[in-house]
Structure formats: structure tokens, C-alpha cells
Amino acid sequence: MERSIGSLISILLVAASAVPLSAQSFKPTKSIEAVVHTGPGGGSDIFARAIADMMVKEKILEQRLQVVNKSGGGSATAMAYLAEKKGETHTIGFFTGVWVTNPLTTMEAKVMIKDLTPILRLVLEPAVVAVKADSPYKNMKDLIEAAKKSPGQLKQSGGSVTGRDNLVRLVIQKATGAKWVYVSFPSGGERIANLLGGHVQMMVIEPQEAGEHIRAGNLRVIAALTEKRLPAFPDVATLKEQGIDVPVIPQARGVLAPPGVPKEVVQYWEGVFDRFTKTASWKKYLEQNQFEDGYLKGPGLNKFFDGLTEQMREVLKEAGAKVVR
Amino acid sequence: MKGKPELDALNNLLLGFSVALSPANLFWCFVGVFLGTIVGILPGLGPPATIAMLLPLTFTLDHTTAIIMLAGIYYGAKYGGSTTSILLNVPGESASVVTCLDGYQMARQGRAGAALGIAAISSFVAGTFGVLGLMLIAPPLARFALKFAPPEYFALMALGLAMVVFLAGKSMIKALLAMFVGLWLATVGTDPFSAESRFTFGRYELLDGVDFIVASIGIFAVGEVLANLEARGGTEFLKFSGRLKNLLPTLEDIKACRFAFLNGSLVGFIIGVLPGAGSTISSFISYGLEKAVSKHPEKFGTGVIEGVAAPEGANNSDTGGSLVPLLTLGIPGSNTTAILLAALILWGFRPGPLLIQDNPALFWGLVASMYVGNVMLLILNLPLVPLFAQILRVPHYVLYPTILGVSIVGAYSVSGSLFDVWMLGFFGLLGYVMRKLDFPAAPLVLGLVLGDGMERALRQSLMMSQGDLSILVTRPLSVAMLLLTMIIILMPILRKVKDWRLKAAGEEA
Amino acid sequence: MEPRSIKDLSSAIALAAFGLYVTIEAARFSYLTEDGPGPGFLPLWLGIGICSLSLCLIFVNQLRPAPKPLGRQHNWSAESRAMSGWLALMGAVLLFPFLGFTLCLVLLTVFLIALMERRSIWSAVFVALGLGIGFHLIFVVALGLSLPKSPLGF
């Protein structure tokens with residue numbers, strides 16, 4: 001009897017002492033590797049570096065965030081690199097939508113996003129549809145009608161065929177019955193150049209990329225690809241408002257960790273980013289880049305990934321792309 | 001108030017110089033070009049990675065100073081890239097591959113100093129030309145560049161591939177075979193239009209294709225080392241006398257390169273303006289052009305000084321050209337300008353058509369400092385030429401392991417992956433085998449560089465025309481370039497016919 | 001006129017086989033899609049081109065006059081020296097994850113100098129160590145490149 005009470009008490013003591021310990025059991029002891037899938041100067045690289053600098057400025061992190069470029073095969077190299085670092089507590093990765101879609105279409109990209117440890121989603125990058133300022137299309141209706149009248153004559157410039165630009169085109173085509181051509185250019189510069197040169201009629205572009213050309217009077221924005229209107233373009237209606245009822249395909253950015261990372265580490269990062277996203281620098285950054293605050297963690301995040309993966313699979317299959325997973 | 005345009009430009013330039021010649025800007029300009037030269041010398045480490053590494057440093061600097069420094073790294077690297085190409089046959093930068101062809105041969109003949117010197121001089125002349133172009137005709141040229149659509153790019157790539165005619169050497173068939181293999185290598189990786197992967201053998205490292213720098217270092221440098229290992233004691237580098245004549249280019253050399261200076265300047269600048277057309281293409285085309293107009297074309301490839309001057313000039317003037325779309329339209333034309341664009345945005349500038357108007361001090365300060373930077377580079381590099389040339393005095397058994405070590409570091413640092421080093425070994429073997437079987441290496445590299453761009457341009461064009469092939473031949477710009485391509489391809493055939501007729505006439509007489 | 005060359009013949013045959021491989025692989029991809037040429041378009045034509053050019057090479061080679069008989073066997077010692085060098089390089093790359101860059105470079109240098117140039121083992125080791133230290137100082141210490149490390153930390 002005494003022995004069982006004794007063992008019960010010791011169990012309770014251990015349990016009681018374990019709780020506060022696990023809440024503070026992880027603290028990084030050296031600089032953190034932040035893996036991005038682009039080379040220097042690419043979108044994710046700039047995003048990660050900006051965050052690293054803000055972390056230093058706002059003194060949120062004791063250790064430095066060291067950006068490591070693992071570019072190649074879309075996100076395949078970065079994801080394979082993270083998958084190999086199983087259990088590594090001082091490594092994180094900055095994901096984007098590509099990390100979800102790449103494994104679906106590429107045999108060699110064996111790591112799926114759910115194989116890694118999602119931590120949280122930070123932002124949603126909105127996009128707009130832009131046309132040349134002197135084009136006859138003042139809104140999506142003009143564009144869709146023109147496309148329906150001459151199917152396959154209008155052209156859109158964009159990135160890879162599995163990227164958001166093309167997926168947006170595919171869902172709009174399906175919903176409206178219009179058809180137009182997608183021409184893929186590897187660099188953003190070429191996409192804009194072809195639009196400005198009149199060789200294509202439209203493109204899906206991020207608002208801050210378009211900003212300067214709009215200010216100079218070269219481009220016009222005719223639709224916002226978001227749920228609500230964008231603060232920087234209050235006169236531009238969303239697709240839904242213009243009668244095109246399609247799901248918004250988000251371009252999300254966030255943080256994840258290698259597989260097999262203990263829960264305390266995830267909780268630590270959640271805590272760090274909880275504090276980080278409340279800072280003034282972060283809010284200013286969101287405003288400057290016209291990002292939507294997409295803060296999401298925990299089970300909601302997992303649901304987001306599952307939903308996105310399924311949505312991507314469907315859209316890609318309908319587009320005729322080979323879906324391998 | 002609109003004054004006379006010439007006065008405007010002059011006023012602006014004076015403003016620019018007042019900015020560029022401030023002590024801080026002069027200092028950081030020097031730092032930039034110095035770092036750039038070192039980065040260019042080291043293979044595998046390119047301007048994009050270096051600029052990215054130095055971005056945090058620039059936050060403490062004034063923004064105009066920062067862009068001056070970063071631009072200095074950009075064109076400084078082009079100067080440095082020629083050094084290892086000439087001395088060791090290791091292309092320091094992708095644009096320096098063509099310099100290996102004649103530059104290394106000159107080094108083997110004891111004329112390394114002359115080669116290094118003419119590279120520096122040509123880079124200076126062409127670089128200055130590039131800045132002049134940037135200053136005077138940037139906006140109209142940028143508008144002209146916008147006229148380039150995929151059909152024009154296809155014609156440009158075809159023109160570039162036609163350069164194989166000038167790289168052929170003895171056997172045209174072998175050169176074509178090498179080029180086709182290069183074109184095949186370019187198809188390795190993910191197809192951008194269908195997201196299918198071609199020839200990747202299941203390896204994700206090959207999804208982005210074969211890295212050009214790894215392939216060229218392997219074929220040129222490692223292949224060369226392997227070939228030299230054949231003879232016990234290695235093949236002798238001709239001892240050079242150390243007389244000033246061989247340490248620097250002579251006046252005759254410079255006279256011989258008159259056209260090369262012009263050639264490199266024009267070709268590099270124009271191609272540099274086109275977004276997506278890299279400096280490697282401009283160096284190939286200017287080399288081909290130089291050989292086409294030369295009085296002694298058959299000597300190219302054996303150590304002809306114009307064969308160094310032309311491509312070196314092209315890849316420097318190309319820098320000025322690639323800044324045109326960046327500064328006048330906010331469109332980055334290459335990896336390096338993409339980072340410069342990101343840096344400008346990070347500092348709060350808004351690159352776009354209004355950048356020059358809104359920030360004249362930035363633009364004109366940058367332009368003026370590029371003049372200054374080119375002068376600095378010339379002064380920096382010329383005295384170092386005799387010093388660098390001494391490297392060749394090092395005995396072979398130290399030189400070859402050094403070349404291998406540098407090649408490995410270069411290959412590894414491209415993306416921090418051991419896979420690239422394995423690729424280096426593979427291409428080294430390929431380079432050696434090609435040498436033994438008398439297949440020229442330059443066409444393979446040409447095919448590898450241009451294959452991707454050409455296929456893309458072709459498919460983009462056909463996408464735009466919905467399968468109508470005529471789009472390739474109905475646009476004036478592309479027709480002009482395609483005609484030129486045809487002429488170049490027909491040249492050797494016409495020459496053979498002429499020779500054959502001469503021979504027949506001789507036999508009759 | 002140049003004589004017939006066994007080098008040209010063998011390389012042409014090898015290239016023809018390679019061209020055949022490329023053509024067969026290319027046939028797996030779609031030649032034409034609704035948007036234009038598919039991923040198989042260019043590789044197919046490249047494969048055909050390589051095959052045709054190789055056949056041209058064989059043809060041209062056969063048209064040349066027969067070579068004068070050599071009388072002695074070709075000495076492969078030069079090629080075998082080059083190949084041993086290549087194998088040594090591959091071996092060094094294989095050992096990178098285990099011994100790190102610096103040590104492997106040292107070993108490779110020792111091999112190249114001592115075995116290829118037949119110098120004394122001591123001068124080989126001396127030069128190799130110098131190179132290794134030099135590389136380490138320049139690339140790892142001064143430039144901060146992260147090259148593969150051995151368990152010893154360098």
C-alpha cells in the first residue's frame with residue numbers, strides 16, 4: 001500500500017516537474033540555418049533575409065538566422081536537404097506554394113510538404129491581373145469576352161506551368177469557358193518586358209512588382225485575385241465581384257522544420273513568431289510589400305496544407321499536367 | 001524646363017561626377033571593383049552570390065554608395081574572370097569561357113602577359129563604351145529592346161549557334177556533333193512548359209539541368225590537366241623571357257585589336273540590353289565576328305590576340321548594357337541584375353521607368369562612378385599582369401593539383417553540393433576523351449549555353465502563334481538575324497565550292 | 001589527304017549509339033502538344049541529328065585512303081597515366097564526406113606527384129601539405145566557403 005502510494009507520488013512529482021521543463025526546454029545555442037529554395041536575390045531569399053534582419057532589429061531572437069540557399073528543381077533540393085536533417089533542432093525552412101505543388105508533378109521531388117514539420121504560415125501574397133495601360137481591356141469582362149470571341153488568340157505571360165499564374169488561368173478558363181494561351185518565361189523581367197512590348201496581352205503579377213509600372217503609367221490593373229479588395233488598389237474589383245466565381249489560389253509563405261523535430265522546438269518557434277508578428281517592423285513590412293497577414297499555426301495549418309494539396313491535384317489534373325503523386 | 005538634350009546630359013554628368021568623386025564613394029567603388037576582381041578570378045563564386053553576401057553590409061552605407069559598390073563588383077568580376085581563363089584554362093566566370101580558347105594558347109606560347117594585358121585594356125575600352133551607351137541612349141534603347149519577342153530571341157540564338165562555323169577547326173562534322181551533344185545536355189532537366197523531367201536519370205540534382213560552369217571547368221581545366229598527365233613531367237609551358245615585350249601587349253598587338261575593341265563594345269552592349277540574353281552569348285558572337293572579318297581566321301584557336309580582346313570586351317560592355325533595362329524599366333535581365341533590383345527595392349527605391357527622373361543623383365552618380373571604376377580597374381590590373389604571369393613559372397607538379405583543387409572548389413561552391421563535383425569529374429573525363437579524339441570543345445559549350453534559350457524561344461514563339469511557323473520569318477528583326485545566320489552557315493560551303501573550283505581549274509591548266 | 005582513322009570510326013560508332021539512345025528516350029515524351037512542340041520535340045531531332053552526323057563521319061572516314069600500317073603496337077602508357085590521374089580524382093571526391101576537402105586534396109596531390117612524376121615521396125608530401133594548408137587558408141578561413149569537413153574539423 002505504502003509502496004503504491006509512494007510510486008504514485010513519485011509519478012506525480014515527475015509529471016509535475018516535467019511540465020514546466022518542456023515549456024522551456026528548447027533554447028537555440030548556435031545560429032539557426034534558414035533554408036530557402038531560391039538563389040540569392042530570389043523571392044524566398046529576400047523574404048528570409050528581411051525577416052532575419054527584422055529579428056535582429058527587434059531583438060526577438062538571441063541567435064542569428066543564417067539564410068542558406070538550396071536552390072534547384074523548384075523546391076526539390078531544399079526539401080530533400082531538410083528531409084535529410086531529421087531531428088535537427090537548429091534548422092528551419094521557409095516554404096512557399098511551390099513546396100506543395102512541386103512533389104505532385106515531379107517524380108524526382110520525393111519529399112512532400114507533410115513529410116516535414118509545418119510550424120506556421122506567415123503571409124499570403126496577393127496577386128493582380130495587369131494589362132498594358134493602352135489596351136482596350138478595362139476589366140475582366142472585356143478580357144473574357146475578347147478571349148471567347150477569338151479563342152487561343154490572347155496571350156498571358158507567366159512563370160512555370162505549375163505556378164500560380166497558370167493555375168489562376170486554368171480555373172478562370174474552366175469557370176468562364178474562355179480560352180487563351182499561356183507563354184512561360186523563366187524570369188519576371190522577361191514577363192513584364194513582353195507585356196510592355198505588346199507581345200502578350202496580360203499577366204498575373206504581384207502588386208509590388210506592378211507598382212512602379214502603374215505609377216509610370218505603363219500598366220493597368222484590372223482585377224484583384226484576393227477575397228477582399230487590396231488597400232493599395234481600392235478601385236480594383238476582385239474576381240468574385242466581377243462575377244467570376246473561382247477559388248482564390250493563395251501563394252502562401254511560412255516556416256517549417258525538418259521531420260522528427262520535438263514538440264518543444266515547434267512550440268519555441270511558435271512563441272518566437274507570435275512575438276515577431278506583433279512587432280512594428282513586421283507590420284510595416286507587410287504594408288510595404290502589400291502582403292496579407294496569413295498567420296496560421298497548429299491544426300489549422302495542417303488543414304490548410306491538406307486542402308491546398310487536394311486543390312492543386314485537381315487543378316493540375318484538369319490542366320492535363322502529369323500528376324505523379 | 002527642357003533645355004538642349006546635350007546640355008542636359010552634360011549637366012547631369014557633372015552632377016554625377018560630383019557624387020562619384022566624393023571620398024566615400026571613391027573608396028567604396030574601389031572596394032567593389034577590387035572584390036569583384038577577386039570574385040571573378042575564383043571560379044564558381046559569381047557576382048550574384050557575392051552581392052547577396054554583402055547586402056547586410058550595405059545597410060550601413062548611403063544607398064548611392066552601396067549601389068556604386070555593388071555595381072563595381074559586377075563589372076570587376078568580368079575583369080577578373082579572364083585571369084584564370086588565360087593562365088590555367090579554368091573559366092573564372094561563365095562569360096570567360098571563350099577567352100580560354102586563344103588566351104590559354106597564348107599563355108602556353110609564353111605570351112600570358114600580353115593576353116592578360118589586352119584583356120584588361122579591351123575590358124576598359126568596352127566597359128567605358130558600355131557606360132557611354134548607358135548614359136546616352138538608355139531610354140530609347142530600352143524601348144527598342146522591348147520589341148524583342150520570342151521570335152527575335154530565337155533568331156538571336158540561331159545566330160549564336162551559327163558561330164559553330166567559326167569554332168570548327170578542321171572537321172565541321174565533329175564540331176556539329178559536339179554542338180549537338182551540347183544541345184542535348186541543355187535539355188537535361190525539367191521542361192518548363194510541361195513540367196516533365198528529361199534525362200534526369202531519377203536524380204533531383206539534375207532537375208535544373210547541367211550547370212554550365214561545372215561543365216566548362218570540367219571540360220577545359222580538368223580535361224587539360226588529364227591530357228597533360230600523359231607525358232611524364234607534363235607538357236612544357238614555353239619559358240618566357242620576362243622581357244617587357246612579353247609581359248604586356250605591344251603597340252602592334254594593340255593595333256591589331258582595333259576592330260576587336262569596337263566589335264566587343266558593340267556586340268556586348270547590344271546583347272546585354274536584351275533581358276535574358278547572357279554575356280556568354282555576346283562573347284561567343286563577338287569572337288565569331290572577329291574571326292569572320294580577320295585576315296588570318298585559320299589562326300584563331302592557336303593564340304591570336306584578337307581572339308582574347310573581342311570576347312573580353314564583349315563581356316564587359318555587356319555589363320553596361322544589362323543595366324539599361326534595370327535602370328530604365330525596372331526589369332532585371334540577368335541573375336546579377338535581379339539581385340541589384342532586389343537591393344534597390346530593399347533600400348526603398350522604386351526601380352521602374354521613373355527611377356532616373358526621381359533619383360537623378362543615384363543614376364548619374366552610378367554612371368559617373370562606372371567611368372571611375374573602369375579606370376580604377378585598368379590601373380589595378382595592368383601592373384598585376386606581370387605578377388600574375390609569374391604563376392606560370394610554378395612547376396607543373398604544383399600547378400596541376402592546384403588547378404584540380406581550384407576546379408573542385410569552384411564546382412562545389414556553385415550550389416554547395418557534392419553532386420556537382422561528381423559532374424566535374426564526368427566532364428573532365430569527357431574533355432579528355434574529346435581532346436584525344438580531336439573533337440573541339442567550344443561547340444559543345446556553345447550548344448549547352450544556347451540550347452535552353454533557343455528551345456524556349458522556339459516553343460514560346462509557337463505558343464504565341466498557336467503553331468503557326470510563319471511567325472519566325474515574318475517579323476523584320478528576326479528575319480534580318482535569320483538571314484545573317486544563313487549567310488554564316490553557307491560560308492564554309494561556299495568556300496569549299498570555291499576551293500574545289502580553283503582546284504579543278506588548276507588541274508585543267 | 002588524311003588517312004582513315006580508327007579514332008574517328010570508333011567515336012562515330014559510339015556517338016551513333018548515343019544518338020539512338022537519345023532518339024528512343026525522346027520518343028517517350030510527347031512530340032507535339034496543343035500549345036506547340038512538346039518536350040520530346042527537340043531531343044528527338046537532336047537524336048536523329050547525332051545519328052545522321054555520326055553516319056556522315058563514318059562515311060567520310062571510309063572515303064579516305066587506307067592508313068599506313070604502323071608495325072608496332074600503340075603504347076597505352078600515356079593514356080593509362082591520364083586515366084590513373086582521373087581515377088585518383090574520383091577517389092578523392094568519393095572520400096570527401098569522410099576525410100574532408102583539405103585532407104583529400106593533400107592525398108590527391110601526393111598521389112599525383114609521387115606516382116606520376118616519380119619524385120621522392122618526401123617532396124610530394126611537402127608540396128601536398130603546402131597546397132592543403134594554402135587552400136584551407138584561402139578558401140575556408142579567408143573566404144568562409146563551406147567545403148566538406150572531416151571529423152577532425154578541417
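## Salt bridges within chain A

In this predicted model, the side chains of A:Asp274 and A:Lys297 meet in a salt bridge, with 3.2 Å from N to O. The two residues belong to distant parts of the chain, since A:Asp274 sits in helix 9 (residues 263-276) and A:Lys297 in strand 11 (residues 292-297), 23 residues apart. A:Asp274 has a relative accessibility of 22% and therefore counts as partly exposed, and A:Lys297, with a relative accessible area of 32%, is partly exposed as well.

Two further pairs lie in the loop between strand 9 (219-224) and strand 10 (251-257) of chain A. One of them joins A:Glu227 to A:Lys240 at 4.0 Å, N to O, and these partners are 13 residues apart. Because its relative accessibility is 57%, A:Glu227 counts as exposed, whereas A:Lys240, at 47%, counts as partly exposed.

## Salt bridges over all chains

Over all chains, the count of salt bridges comes to 29. In chain B, a network of salt bridges links B:Asp191, B:Arg198, B:Glu455 and B:Arg459. In general, side chains of opposite charge can pair when their charged atoms come close.

## Where chain B meets chain C

Chain B places 55 of its residues in contact with 59 residues of chain C, and together the two chains bury about 5300 Å², of which 79% is on carbon and sulfur atoms. Three salt bridges are counted between chain B and chain C, and B:Asp438 forms a salt bridge with C:Lys7, in which the closest N and O atoms are 3.6 Å apart. Across this interface there are also eight residue pairs in polar contact, both residues having a pLDDT of 80 or more.

Several elements of chain B each supply at least two residues to the side that touches chain C, among them helix 8 (172-187), strand 2 (197-198) and helix 20 (442-464). Helix 18 of chain B gives the most to this side, with 11 residues. Sorted by class, the side of chain B that touches chain C has 35 nonpolar, nine polar and 11 charged residues.

## Confidence in chain A

The mean pLDDT of chain A is 84, and 92% of its residues reach 70 or more. Over residues 18-23 of chain A, however, the pLDDT is below 50, and this stretch has two contacts in the model beyond near neighbours in sequence.

Technical notes. Residues numbered from 1 in each chain as written. Chains lettered and ligands numbered in written order. Heavy atoms only, no water. Contact = heavy atoms within 4.5 Å. Buried area = accessible area lost by both parts, 1.4 Å probe. Polar contact = N/O pair within 3.5 Å; in protein donor to acceptor, adjacent residues only side chain to side chain. Helix = DSSP H or I, 4+ residues; strand = E, 2+ residues; numbered from the N terminus. Nonpolar A, V, L, I, M, F, W, Y, C, P; charged D, E, K, R; others polar. pLDDT = per-residue confidence, 0-100. Buried < 20%, exposed > 50% of the residue type's maximum accessible area, 1.4 Å probe, protein only.
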